[in-house]
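Dear colleague,

Please find the structure below, handed over for your study. My notes on what was found in it follow directly after.

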Amino acid sequence: MHFNCIFCTFDVYNAFCFSYLIASMGLQLLWSFGLACLDVYALRGKRDLQNPVLVSLFVVGDWVTAMLSLAAACSSAGIIVLYARDLDFCKAQSHIPCRQFEISIILAFITWLLIAMSSHVMFWILASF
């Protein structure tokens, strides 16, 4: 949903201030897809993924993507506050879809919240070994 909001905007490729958010969410998409493929492989092959080395890799990956997502969402939120509230750039430049950028940033924070919960659960799974 995040990518849909970003890429449906008028001039997204000239909005370099949101490139970190796009890169962070792209990395999160790849990480989540990789974990989903691994889960499908484990379910189809009836394999156990509770290996301490493998779980520690999951914990580190979740923590890295969580920190990157939080940093990207916060920096993008700061930029949109600067544009929309402080400079009134969104009112002066009516062709810039600030509302879609705001929705995208909200979705990035929701994504970060879900990643943070996942990384917390994975940490406790690792601690239970």
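**Glu102 and its surroundings**

Setting aside neighbours within four places in sequence, Glu102 is in contact (heavy atoms within 4.5 Å) with Ile80, Ala84 and Arg85. Please note that this is a predicted model, in which local features need pLDDT of at least 70 and side-chain atom pairs count only at pLDDT 80 or more, while totals for chains, interfaces and linings use all residues. Residues are numbered from 1 along each chain as its sequence is written, and side-chain values use heavy atoms, with hydrogens and water left out.

Glu102 is found in helix α5; helices are DSSP runs of H or I with at least four residues, strands are runs of E with at least two, and both are numbered from the N terminus. Because its relative accessible area is 17%, Glu102 counts as buried. Here buried means under 20% relative accessible area, exposed means over 50%, and partly exposed lies in between, with a 1.4 Å probe and protein chains only. The side chain of Glu102 also makes a polar contact of 3.1 Å with that of Arg99 (a pair of N or O atoms within 3.5 Å; within protein, one must be able to donate a hydrogen and the other to accept it, and residues adjacent in sequence count only if both atoms are side-chain atoms).

**Further along helix α5**

Helix α5 covers residues 98-127 and includes Ile110. Ile110 is partly exposed because its relative accessibility is 42%. Together with Ile106, Leu113, Leu114 and Met117, Ile110 forms a nonpolar surface patch with about 480 Å² of accessible area. The areas come from the Shrake-Rupley method with a 1.4 Å probe, and for residues only the protein chains shown count as cover.

Ile125 is also placed in helix α5, and its relative accessible area of 29% makes it partly exposed. The C-alpha atoms of Ile125 and Pro52 are 9.2 Å apart, although 73 residues separate the two in sequence.

**Annotated regions**

The unreviewed UniProt entry places "transmembrane region" at residues 12-43, 63-84 and 105-127; such annotations, given in the numbering used here, with shortened feature names, may be inferred rather than shown by experiment. Residues 63-84 are 100% helix and 0% strand, with end C-alpha atoms 31 Å apart. Residues 105-127 are 100% helix and 0% strand, and their end C-alpha atoms lie 33 Å apart.

Yours sincerely

Key:
Patch = residues over 30% accessible without salt bridge, like charges linked within 9 Å, V, L, I, M, F, W, Y side chains within 5 Å. Salt bridge = Lys/Arg side-chain N within 4 Å of Asp/Glu carboxyl O.
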